[in-house]
Amino acid sequence: MTSLAERLAQTRAQITEECSRLNRAEPVLIVVTKNHPVTLAQELFDLGERDFGENRVQEALPKFLEFSEPGDRLGANWHLIGQLQTNKVKQALEFATSLHSLDRQSLLDELIKRTSERDHPLEVFLQVNLTEDPNRGGVEPADLFDFAAQVANVKTLKLEGLMAVASLSGDPEPDFETVASLSQKLVSDHPSANKLSIGMSGDYLLALSYGATHLRIGTAITGNRNI
Ligand SMILES: *Cc1c(COP(=O)(O)O)cnc(C)c1O
């Protein structure tokens, strides 16, 4: 049995080694703490981690509130990486630094409404649907650039780039290829939207060779999710 600290160190070492082999900058490592108690995020913070990923607002908000005593454990970033329902936007904005799953007009409309009073913009990634199934989350590639143009015009949102979940059953490589080429197109219109949130436990080293700037890694670091 390895410990959390060992799995984290091992994962970080692999990322560093692969980045140096590819001669590229290190990505942001988001440790996905969903389905784990708040103590896991606290331990990770104490080990030096600052970016945490959660996929459900109902779970994440109470965890966030419990995470730190006032003045304690400052500087953590909470990334909301799962599908977001419009009726959860208000609560999401109470903790999320960054939303990785902006994928439809109704959600954009609600975000515009709810962020109008904010003084610093919410970071957003547009989630791209790489599957044939339109019911999976994500903007269809054909609609992506019009949607991006709208998002880029909203002052209270900061368009960071694209997010995708590669095929979990098949080969992730064609999916990474698709999203990397969409990302290049996006950057030609919106130079600062150059982030790419791809790469999970099973495919993060490959994601690095496709330009991942944000890895969302759960089980490889945290072990199995069991609450
Ligand atoms: C759970 C989750 C992850 C992390 O998955 P692992 O396979 O445990 O690394 C990454 N991205 C999203 C959107 C997730 O829901």
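Before we start, one term: a residue is called buried when its relative accessible area is under 20%. Also keep in mind that this is a predicted model.

I begin with α2, which spans 38-46. Its buried residues are Val-38, Leu-40, Ala-41, Gln-42, Leu-44 and Phe-45. These pack against several elements, including α1 (4-22), β1 (28-32) and α3 (57-67). The others are β2, β3 (77-80) and α9 (219-222).

Let me take α3 from that list. Two packed helices are described by the angle between their axes and the distance between the axes. For α2 and α3, the axes come within 9 Å and cross at roughly 50 degrees. The two helices are therefore oblique to each other, and α2 passes α3 in a right-handed crossing. Which residues meet there? On the α2 side they are Val-38, Ala-41, Gln-42 and Phe-45, and on the α3 side Lys-63, Glu-66 and Phe-67.

Next, what comes after the helix. α2 is followed by Gly-48, whose phi is positive, near 110 degrees. Glu-49 sits in the loop between α2 and β2 (51-54). Is Glu-49 buried or exposed? It counts as buried, because its relative accessibility is 4%. Its side chain makes a polar contact of 2.9 Å with the side chain of Arg-12. Setting aside neighbours within four places in sequence, Glu-49 is in contact with Leu-8, Arg-12, Leu-29, Val-31 and Leu-44. Leu-44 is also one of the buried residues of α2.

Last, the core. The largest nonpolar core has 62 residues. Leu-162 is among those with the most contacts inside it.

Methods: Residues numbered from 1 in each chain as written. Predicted model: local features only at pLDDT ≥ 70, side-chain atom pairs only at ≥ 80, totals over all residues. Heavy atoms only, no water. Helix = DSSP H or I, 4+ residues; strand = E, 2+ residues; numbered from the N terminus. Buried < 20%, exposed > 50% of the residue type's maximum accessible area, 1.4 Å probe, protein only. Polar contact = N/O pair within 3.5 Å; in protein donor to acceptor, adjacent residues only side chain to side chain. Contact = heavy atoms within 4.5 Å. Core = buried A, V, L, I, M, F, W, Y, C linked by side-chain atoms within 4.5 Å. Axes fitted to C-alpha atoms, helices over the stretch in contact; angles between N-to-C directions. Parallel < 35°, antiparallel > 145°, perpendicular 65-115°, else oblique. Left-handed = near helix turned anticlockwise from the far one by under 90°.
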